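Open the model in your viewer and keep the selection tool ready.

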Amino acid sequence: MTHPLVLRSLVTLAVAGCATSYLYEPSAPSTWLDGYPATTTQVPPEAPQGTVTATSFGILEITANGQPLEVVHARLVVINDGDATPWSIATADQQLELPGRAIERPMYVNTDAPANAVIQVGQRERRVVDLYYGLPAGVHDERDLAGFQLLWKVTTPAREIASRTAFARVVREPPEAPPVVVLHAGWGPYWWFDPFWGRPGFYFHRPIVVVRPGGVIISRPPHRHPGHPPGHPPTHHG
């Protein structure tokens with residue numbers, strides 16, 4: 001029998017395939033992450049010991065504390081390859097700048113790290129941090145927001161690394177073939193404990209970590225996009 005969440009994903013794909021798709025692409029895309037364009041930064045740049053990869057699934061609806069809320073999503077994947085001393089990521093310091101708005105701190109955070117406002121990334125560890133930011137009045141979907149900038153910080157033994165990743169809205173026509181089904185972390189009410197969940201495309205196996213009390217699920221999933229062929233990074237469209 002088809003799992004209900006998988007069935008829902010197929011229905012969403014069928015509807016989304018009938019319209020033009022938007023996504024947010026970083027200013028210097030170098031790779032793909034869960035079917036979305038992403039950019040990877042060497043950390044620290046003068047003597048790399050690991051990487052920070054940034055991407056966005058765009059505007060989506062979450063349900064937190066029983067209330068629906070439209071948010072901008074951003075994801076950081078942080079890998080510490082070489083430093084014996086753990087790196088740290090203060091979730092409140094990962095900020096978003098929207099046109100004409102003050103810089104925003106995340107309203108909610110999902111992560112595969114143990115529950116803590118400051119995430120530790122030990123040697124040879126990989127941590128994924130999903131950040132959800134509130135939208136200004138009048139912004140409901142990608143048509144209302146041309147772009148934004150993610151201001152992220154990671155503290156390493158060498159120093160604090162602070163950078164800015166700009167995302168611009170681009171248009172993608174529906175693919176001729178059905179896109180790859182990517183079941184994003186936080187989607188649906190059972191994502192972290194359902195024994196029938198296949199877990200394709202994400203790495204969250206612990207209970208949700210949130211800045212505020214309560215649970216967070218994605219109640220309106222983002223647009224789906226096919227994975228890009230290996231060895232062919234995305235091209236920025238301005």
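**Charged pairs**

Select Asp130 and Arg75: they form a salt bridge, with the closest N and O atoms 2.7 Å apart. A salt bridge here is a side-chain nitrogen of Lys or Arg within 4 Å of a carboxyl oxygen of Asp or Glu. This is a predicted model: local features need pLDDT of at least 70, side-chain atom pairs count only at pLDDT 80 or more, and totals for chains, interfaces and linings use all residues. Residues are numbered from 1 along each chain as its sequence is written, and side-chain values use heavy atoms, leaving out hydrogens and water.

Now show the strands (DSSP E runs of at least two residues, numbered from the N terminus). Asp130 sits in β10 (residues 125–134) and Arg75 in β5 (residues 67–80), so the pair ties together parts 55 residues apart in sequence. Asp130 and Arg75 are both buried. Buried means under 20% relative accessible area, exposed over 50%, partly exposed in between (1.4 Å probe, protein chains only).

Next, Arg143 with Asp141: a salt bridge at 2.6 Å, N to O. Arg143 is exposed, at 61% relative accessibility. The whole structure holds six salt bridges.

Select Leu76, Leu145, Phe148, Leu150 and Trp152. In the largest nonpolar core, of 29 residues, these touch the most other members. Such a core is a set of buried Ala, Val, Leu, Ile, Met, Phe, Trp, Tyr and Cys residues joined through side-chain atoms within 4.5 Å. Finish on a second, separate core of eight residues; Leu60, Ala64, Val71 and Met107 are among them.

Conventions
Helices (H or I, at least four residues) and strands (E, at least two) are DSSP runs, numbered from the N terminus.
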